[in-house]
Amino acid sequence: MTNMQIERQKLFDIVREGGALFRNREEAAHVKVKGVSDYVTQVDFHVQEQIRTGLMREWPQIQFMGEEKDNSDIDFTKAVWILDPVDGTTNLIHDFRQSAVSLALYDGGRPVCGVVYQPYTEELFYAAAGEGAFLNGKPIHVSGAQTMEECLISIGTAPYEHEYADRNFDLFKRIFLDCQDIRRLGSAAIDLAYVACGRIDAFFEMNLKPWDFAAGRILVEEAGGTVTDFSGNSPDFRKKGSILGSNGAIGRLLVERYMNS
């Protein structure tokens, strides 16, 4: 599966049609608790089904992996779509307007393309392997920051796992004291997209699921940055892992000085 086999306008239309469902406040109010601070709404289910249907119609030969389904049958050696229908469900519930559709295509363990769509701002981030990264069709690049003193860094709190709170907040404090400021958006997909376009210099969070970072990873990498685990190694897109996305230079600083100390 190559970029040339994916007609991007069809892909964009499918993602935008799914994102339009975010505005259904009645369905957003139908909340089911999956775990500690882990929620799903009718919007999540309907966005996933609408996008899955569109992808299967256009590219029936490609497998589909989604947050709200059983993915035990996925063969990761073959092409697979990886979808988070609503990245930032808690934000959606509160109408906080920082939620996104996150969709990536991987083939043979490698990212082929990725889309992050923020329907409230109508910003569509897209990247394809070897082609660069784009925001609404215009090329984007990571920031040129080299020092902590010039950085704005976004964090994720791993809200489903409160047992890591002490470790996390100690880390947040040490980084906060050394950088310009920190942010907490509540959507890893948006955080990584913002790294890709240079709005923030780095983002990190413990124990993200594949659908949280699959699209953001190729966005950052094609924009000139890096996505690693907290030890600086390439993340495994097949399973949960701690993710650090950055412009490259700041990621190295975070790994060396903060992430494992």
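1. A contact here means that heavy atoms lie within 4.5 Å of each other. With that in hand, look at the protein chain of this predicted model. Take the contacts between residues at least 6 apart in sequence: 64% of them join residues at least 24 apart.

2. Next, the overall build. The protein chain has eight helices and 14 strands. Its radius of gyration is 17 Å, close to the 18 Å that the globule rule gives for 261 residues, so the chain is as compact as a globular protein of that length. If you follow the C-alpha trace along its principal axes, it spans about 50 × 40 × 35 Å.

3. What about inside and outside? Of the 261 residues, 56% count as buried. The accessible surface of the protein chain comes to about 11,300 Å², and carbon and sulfur atoms account for 49% of that area.

4. Now a pair of helices to find on your screen. Two packed helices are described by the angle between their axes and the distance between the axes. For α6 (residues 188–196) and α7 (residues 210–222), the angle is about 5° and the axes are 8 Å apart. Angles under 35 degrees count as roughly parallel, so α6 is roughly parallel to α7.

5. Which residues of α6 and α7 meet? From α6 come Ala188, Ala189, Leu192, Ala193, Val195 and Ala196, and they meet Asp212, Phe213, Gly216, Arg217, Leu219 and Val220 of α7. Sorted by class, this contact of α6 with α7 has nine nonpolar, one polar and two charged residues.

6. You will find Pro139 in strand β9 (residues 138–139). Is Pro139 buried or exposed? With a relative accessible area of 56%, Pro139 is exposed. Leaving aside residues up to four places away in sequence, Pro139 touches Ala133 and Phe134. Pro139 and Ser99 are 40 residues apart in sequence, and their C-alpha atoms are 22 Å apart in space.

7. Finally, a point about backbone angles. Most residues other than glycine have a negative phi. Asp95, however, has a positive phi, near 55°. Asp95 lies in the loop between α4 (89–93) and β5 (100–107), and at 30% relative accessibility Asp95 counts as partly exposed.

8. Glu122 also deserves a look, as its phi is near 55°, a positive value in a residue other than glycine. Where is Glu122 found? Glu122 is in the loop between β6 (110–118) and β7 (123–128). At 54% relative accessibility, Glu122 counts as exposed.

How values were computed:
Residues numbered from 1 in each chain as written. Predicted model: local features only at pLDDT ≥ 70, side-chain atom pairs only at ≥ 80, totals over all residues. Heavy atoms only, no water. Axes fitted to C-alpha atoms, helices over the stretch in contact; angles between N-to-C directions. Helix = DSSP H or I, 4+ residues; strand = E, 2+ residues; numbered from the N terminus. Parallel < 35°, antiparallel > 145°, perpendicular 65-115°, else oblique. Nonpolar A, V, L, I, M, F, W, Y, C, P; charged D, E, K, R; others polar. Rg over C-alpha atoms; globule rule 2.2 N^0.38 Å. Buried < 20%, exposed > 50% of the residue type's maximum accessible area, 1.4 Å probe, protein only. Areas by Shrake-Rupley, 256 points an atom, 1.4 Å probe, with all protein chains shown as cover.
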